[in-house]
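Please look through the structure below slowly, with the sequence beside it, before reading the notes that follow.

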Amino acid sequence: MNHMHTRKALATAILGLTLVGCGSGDGDGSGTGSGGTNTPPPPLPLATATLQGIWQSPAGAANTLSAIALPDGKLWAITSTGNVTRLIKASLSAQTAGFGGDGKSYTLGDSAASGGVGATATANVVAKTSLSGVLNVSGAQPEAFALAYQPRYDTPAVLSEYAGAWQATLGPGVVNWTIGNTGAISGTRTTGCTYSGQLNTRTEQKAVLDAALAENCAGTVLQLGGVAVFNADKTRITLLLTTADEATGIAVNLRR
(Lines give C-alpha, C1' and ligand atoms only; values in the text may rest on other atoms or scores of the structure.)
Protein backbone atom coordinates (compact mmCIF):
# COMPACT_ATOMS: atom_id res chain seq x y z
CA MET A 1 0.00 0.00 0.00
CA ASN A 2 2.83 2.39 0.78
CA HIS A 3 4.26 1.70 -2.68
CA MET A 4 0.91 2.50 -4.32
CA HIS A 5 0.66 5.73 -2.36
CA THR A 6 4.15 6.76 -3.46
CA ARG A 7 3.40 6.12 -7.15
CA LYS A 8 0.22 8.23 -6.93
CA ALA A 9 2.11 11.08 -5.29
CA LEU A 10 4.82 11.05 -7.98
CA ALA A 11 2.21 10.96 -10.75
CA THR A 12 0.42 13.93 -9.19
CA ALA A 13 3.68 15.89 -8.93
CA ILE A 14 4.63 15.18 -12.54
CA LEU A 15 1.14 16.20 -13.72
CA GLY A 16 1.46 19.46 -11.80
CA LEU A 17 4.87 20.22 -13.40
CA THR A 18 3.47 19.47 -16.84
CA LEU A 19 0.62 21.93 -16.38
CA VAL A 20 2.95 24.65 -15.15
CA GLY A 21 5.25 24.08 -18.14
CA CYS A 22 2.43 24.29 -20.66
CA GLY A 23 0.76 27.27 -19.02
CA SER A 24 -2.88 28.16 -19.04
CA GLY A 25 -2.89 30.29 -22.18
CA ASP A 26 -1.40 33.44 -20.60
CA GLY A 27 2.17 32.88 -21.88
CA ASP A 28 2.28 32.18 -25.60
CA GLY A 29 5.84 33.35 -26.24
CA SER A 30 4.69 36.47 -28.05
CA GLY A 31 5.36 38.94 -25.25
CA THR A 32 1.67 39.19 -24.29
CA GLY A 33 -0.12 37.86 -21.27
CA SER A 34 -3.39 38.16 -19.43
CA GLY A 35 -4.28 41.82 -19.68
CA GLY A 36 -0.95 42.55 -21.51
CA THR A 37 -0.35 44.44 -24.73
CA ASN A 38 1.63 43.57 -27.84
CA THR A 39 5.23 44.78 -27.79
CA PRO A 40 6.28 45.79 -31.31
CA PRO A 41 9.70 44.64 -32.47
CA PRO A 42 12.41 47.30 -32.49
CA PRO A 43 12.82 49.06 -35.84
CA LEU A 44 15.46 47.69 -38.14
CA PRO A 45 18.61 49.85 -38.30
CA LEU A 46 18.93 52.06 -41.36
CA ALA A 47 21.28 50.64 -43.96
CA THR A 48 24.18 52.91 -44.92
CA ALA A 49 24.15 51.25 -48.35
CA THR A 50 21.06 53.35 -49.20
CA LEU A 51 23.32 56.43 -49.12
CA GLN A 52 25.57 55.23 -51.92
CA GLY A 53 25.73 57.13 -55.15
CA ILE A 54 27.01 60.16 -56.98
CA TRP A 55 24.91 63.13 -55.88
CA GLN A 56 24.67 66.62 -57.36
CA SER A 57 23.02 69.93 -56.43
CA PRO A 58 20.66 71.46 -59.04
CA ALA A 59 22.16 73.37 -61.96
CA GLY A 60 22.34 77.08 -61.26
CA ALA A 61 22.23 76.74 -57.46
CA ALA A 62 23.95 79.59 -55.59
CA ASN A 63 25.78 77.13 -53.37
CA THR A 64 26.86 73.92 -55.07
CA LEU A 65 27.72 70.53 -53.64
CA SER A 66 28.84 67.38 -55.43
CA ALA A 67 29.14 64.23 -53.35
CA ILE A 68 30.23 60.62 -53.54
CA ALA A 69 28.68 58.38 -50.90
CA LEU A 70 29.97 54.83 -50.47
CA PRO A 71 28.02 51.80 -49.17
CA ASP A 72 29.83 51.92 -45.80
CA GLY A 73 28.66 55.49 -45.13
CA LYS A 74 31.85 57.28 -46.16
CA LEU A 75 31.03 60.63 -47.75
CA TRP A 76 33.34 62.66 -49.98
CA ALA A 77 32.15 66.04 -51.23
CA ILE A 78 33.19 69.30 -52.84
CA THR A 79 31.23 72.38 -51.78
CA SER A 80 31.37 75.86 -53.26
CA THR A 81 29.91 78.83 -51.38
CA GLY A 82 30.80 82.22 -52.76
CA ASN A 83 34.58 82.26 -53.17
CA VAL A 84 35.17 79.37 -50.74
CA THR A 85 35.61 75.82 -52.01
CA ARG A 86 35.91 72.97 -49.53
CA LEU A 87 36.71 69.28 -49.62
CA ILE A 88 34.58 67.35 -47.12
CA LYS A 89 35.29 63.87 -45.84
CA ALA A 90 32.85 62.37 -43.32
CA SER A 91 31.64 59.02 -41.99
CA LEU A 92 27.86 58.72 -41.65
CA SER A 93 25.97 56.13 -39.63
CA ALA A 94 22.33 55.44 -38.81
CA GLN A 95 20.72 57.71 -36.20
CA THR A 96 17.25 57.68 -34.65
CA ALA A 97 16.02 59.32 -37.82
CA GLY A 98 18.21 59.56 -40.90
CA PHE A 99 22.00 59.55 -40.82
CA GLY A 100 24.66 61.63 -39.12
CA GLY A 101 28.37 61.71 -38.49
CA ASP A 102 31.62 63.61 -38.11
CA GLY A 103 34.42 64.43 -40.47
CA LYS A 104 36.87 67.03 -41.69
CA SER A 105 36.65 70.07 -43.96
CA TYR A 106 39.60 71.31 -46.03
CA THR A 107 39.53 74.78 -47.58
CA LEU A 108 40.96 74.58 -51.08
CA GLY A 109 42.72 77.62 -52.49
CA ASP A 110 46.12 78.62 -53.76
CA SER A 111 47.83 75.72 -52.00
CA ALA A 112 47.33 72.15 -53.14
CA ALA A 113 46.14 71.03 -49.72
CA SER A 114 45.28 72.46 -46.35
CA GLY A 115 44.86 71.34 -42.76
CA GLY A 116 41.36 70.21 -41.89
CA VAL A 117 38.86 71.54 -39.35
CA GLY A 118 36.00 69.64 -37.75
CA ALA A 119 32.75 69.11 -39.61
CA THR A 120 29.46 67.31 -38.96
CA ALA A 121 26.73 66.25 -41.35
CA THR A 122 23.15 65.04 -41.09
CA ALA A 123 21.34 63.48 -44.02
CA ASN A 124 18.11 61.88 -45.16
CA VAL A 125 18.00 59.75 -48.25
CA VAL A 126 15.50 58.36 -50.70
CA ALA A 127 17.55 55.61 -52.32
CA LYS A 128 18.62 56.43 -55.88
CA THR A 129 16.51 59.62 -55.80
CA SER A 130 17.49 62.34 -53.34
CA LEU A 131 19.95 63.13 -50.56
CA SER A 132 19.29 66.13 -48.31
CA GLY A 133 20.59 67.43 -45.02
CA VAL A 134 22.79 69.99 -43.30
CA LEU A 135 26.55 70.39 -43.28
CA ASN A 136 28.20 72.14 -40.32
CA VAL A 137 31.81 73.22 -40.70
CA SER A 138 33.65 74.67 -37.72
CA GLY A 139 33.77 78.45 -38.04
CA ALA A 140 31.22 78.63 -40.85
CA GLN A 141 27.47 78.97 -41.18
CA PRO A 142 25.47 75.72 -41.51
CA GLU A 143 24.83 74.77 -45.12
CA ALA A 144 21.65 72.97 -46.14
CA PHE A 145 21.89 70.75 -49.21
CA ALA A 146 19.44 68.97 -51.48
CA LEU A 147 21.05 66.68 -54.03
CA ALA A 148 19.78 64.55 -56.90
CA TYR A 149 21.00 61.04 -57.68
CA GLN A 150 23.17 60.64 -60.77
CA PRO A 151 22.32 57.36 -62.56
CA ARG A 152 25.84 57.09 -64.03
CA TYR A 153 26.92 55.79 -60.62
CA ASP A 154 25.43 52.42 -61.58
CA THR A 155 27.71 51.97 -64.61
CA PRO A 156 30.80 50.03 -63.48
CA ALA A 157 34.13 51.81 -63.94
CA VAL A 158 36.51 50.35 -66.53
CA LEU A 159 40.16 51.10 -65.77
CA SER A 160 41.23 51.16 -69.41
CA GLU A 161 38.87 54.09 -70.05
CA TYR A 162 41.00 56.19 -67.66
CA ALA A 163 44.16 55.52 -69.65
CA GLY A 164 45.93 58.45 -71.24
CA ALA A 165 47.72 61.74 -70.58
CA TRP A 166 46.09 64.09 -68.06
CA GLN A 167 46.83 67.58 -66.76
CA ALA A 168 45.67 69.72 -63.83
CA THR A 169 46.52 72.96 -62.07
CA LEU A 170 47.54 72.04 -58.55
CA GLY A 171 48.47 74.88 -56.24
CA PRO A 172 51.37 76.89 -57.70
CA GLY A 173 52.16 74.29 -60.36
CA VAL A 174 50.73 72.13 -63.12
CA VAL A 175 50.75 68.33 -62.95
CA ASN A 176 51.20 66.15 -66.01
CA TRP A 177 50.19 62.57 -65.29
CA THR A 178 49.89 59.39 -67.31
CA ILE A 179 47.38 56.71 -66.34
CA GLY A 180 47.97 53.20 -67.71
CA ASN A 181 45.43 50.62 -68.84
CA THR A 182 45.52 48.94 -65.43
CA GLY A 183 45.17 52.20 -63.47
CA ALA A 184 48.83 52.92 -62.68
CA ILE A 185 49.56 56.65 -62.23
CA SER A 186 52.90 58.34 -62.90
CA GLY A 187 53.91 61.91 -63.59
CA THR A 188 55.48 65.20 -62.61
CA ARG A 189 54.62 68.72 -61.50
CA THR A 190 56.20 71.91 -62.78
CA THR A 191 57.39 72.64 -59.23
CA GLY A 192 59.67 69.60 -59.40
CA CYS A 193 57.49 67.09 -57.52
CA THR A 194 56.98 63.57 -58.87
CA TYR A 195 53.98 61.28 -58.51
CA SER A 196 53.14 57.59 -58.50
CA GLY A 197 49.87 55.90 -57.66
CA GLN A 198 47.11 53.48 -58.53
CA LEU A 199 43.42 53.46 -59.39
CA ASN A 200 41.46 50.31 -58.50
CA THR A 201 37.89 49.15 -58.95
CA ARG A 202 35.79 48.64 -55.81
CA THR A 203 33.87 45.55 -54.72
CA GLU A 204 30.44 47.08 -55.38
CA GLN A 205 31.44 47.53 -59.07
CA LYS A 206 30.05 51.04 -59.53
CA ALA A 207 31.42 54.17 -61.21
CA VAL A 208 33.66 55.15 -58.28
CA LEU A 209 37.28 53.98 -58.02
CA ASP A 210 39.65 53.72 -55.07
CA ALA A 211 42.69 55.95 -55.51
CA ALA A 212 46.15 55.95 -53.91
CA LEU A 213 48.80 58.58 -54.63
CA ALA A 214 52.34 59.31 -53.45
CA GLU A 215 53.73 62.81 -53.93
CA ASN A 216 57.51 63.21 -53.67
CA CYS A 217 58.72 66.80 -53.37
CA ALA A 218 62.50 67.09 -52.82
CA GLY A 219 62.52 63.84 -50.84
CA THR A 220 59.46 64.62 -48.73
CA VAL A 221 56.82 62.00 -49.52
CA LEU A 222 53.11 62.54 -48.91
CA GLN A 223 50.92 59.41 -49.04
CA LEU A 224 47.28 60.02 -49.91
CA GLY A 225 44.22 57.83 -50.40
CA GLY A 226 40.63 58.37 -51.44
CA VAL A 227 38.33 58.07 -54.43
CA ALA A 228 38.30 58.96 -58.13
CA VAL A 229 35.48 59.37 -60.63
CA PHE A 230 34.85 60.53 -64.18
CA ASN A 231 32.60 63.51 -64.88
CA ALA A 232 29.46 62.82 -66.91
CA ASP A 233 31.10 63.00 -70.36
CA LYS A 234 34.36 61.33 -69.23
CA THR A 235 36.53 64.29 -70.20
CA ARG A 236 37.68 65.00 -66.63
CA ILE A 237 38.70 62.93 -63.61
CA THR A 238 38.23 64.15 -60.06
CA LEU A 239 40.37 62.67 -57.28
CA LEU A 240 39.46 63.41 -53.65
CA LEU A 241 42.25 62.41 -51.29
CA THR A 242 43.49 62.75 -47.70
CA THR A 243 46.41 61.49 -45.70
CA ALA A 244 45.73 58.55 -43.37
CA ASP A 245 45.70 60.85 -40.33
CA GLU A 246 43.38 63.27 -42.20
CA ALA A 247 45.76 66.17 -41.47
CA THR A 248 45.88 67.02 -45.19
CA GLY A 249 43.25 66.95 -47.91
CA ILE A 250 43.56 67.51 -51.64
CA ALA A 251 41.29 67.65 -54.70
CA VAL A 252 42.71 67.12 -58.18
CA ASN A 253 40.66 67.86 -61.31
CA LEU A 254 42.38 66.27 -64.28
CA ARG A 255 41.57 67.12 -67.87
CA ARG A 256 42.75 65.57 -71.13
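The points below take up strands, aromatic rings and a pocket in turn. Please keep in mind throughout that this is a predicted model.

**Strands and their pairing**

- Strand 1, which covers residues 53-56, pairs with strand 2, which covers residues 64-69, and the two run in the antiparallel sense over four bridges.
- Within this pairing, Trp-55 has Ala-67 in strand 2 as its bridge partner.
- Strand 2 is also joined to strand 3, made of residues 74-81, by six bridges, and these two strands likewise run antiparallel.

**Aromatic rings**

- The count of aromatic pairs in the model comes to five.
- One of them is formed by Tyr-149 and Tyr-153, whose rings are edge-to-face, with 6.4 Å from centre to centre and 75 degrees between the planes.
- Tyr-149 counts as buried because its relative accessible area is 9%, which lies under the 20% cut-off.
- Tyr-153 is buried as well, since its relative accessible area is 1%.
- Another pair consists of Trp-166 and Phe-230, which are tilted, with 6.3 Å from centre to centre and 50 degrees between the planes.
- This pair links distant parts of the chain, as Trp-166 belongs to strand 10 (residues 164-170) and Phe-230 to strand 15 (residues 220-230), and the two residues are 64 residues apart.
- Both Trp-166 and Phe-230 are buried.
- Trp-55, the residue whose bridge partner is Ala-67, forms one aromatic cluster together with Tyr-149 and Tyr-153.

**The second largest pocket**

- Rolling a probe the size of a water molecule over the atoms shows where empty space is left.
- The second largest pocket has a volume of about 160 Å³.
- Its lining is made up of 13 residues, and those that lie nearest its centre are Arg-152, Thr-155, Ala-207, Phe-230 and Lys-234.
- Sorted by class, the lining of this pocket holds eight nonpolar, two polar and three charged residues.

Definitions and conventions: Residues are numbered from 1 along each chain as its sequence is written. This is a predicted model: local features need pLDDT of at least 70, side-chain atom pairs count only at pLDDT 80 or more; totals for chains, interfaces and linings use all residues. Side-chain values use heavy atoms; hydrogens and water are left out. On a 1 Å grid over the protein atoms alone, a cavity is a set of points where a 1.4 Å probe fits but cannot get out, and a pocket is an open set with protein on both sides within 12 Å along at least five of seven lines; lining residues have an atom within 4 Å of a point. Grid points are joined across faces, edges and corners, and a volume is the space filled by probe spheres set on the points. Ala, Val, Leu, Ile, Met, Phe, Trp, Tyr, Cys and Pro count as nonpolar, Asp, Glu, Lys and Arg as charged, and the others, Gly among them, as polar. Two strands pair if DSSP finds at least two bridges between them. Rings of Phe, Tyr and Trp (its six-membered ring) pair if their centres lie within 6.5 Å; planes under 30 degrees apart count as stacked, over 60 as edge-to-face and the rest as tilted. Buried means under 20% relative accessible area, exposed over 50%, partly exposed in between (1.4 Å probe, protein chains only).
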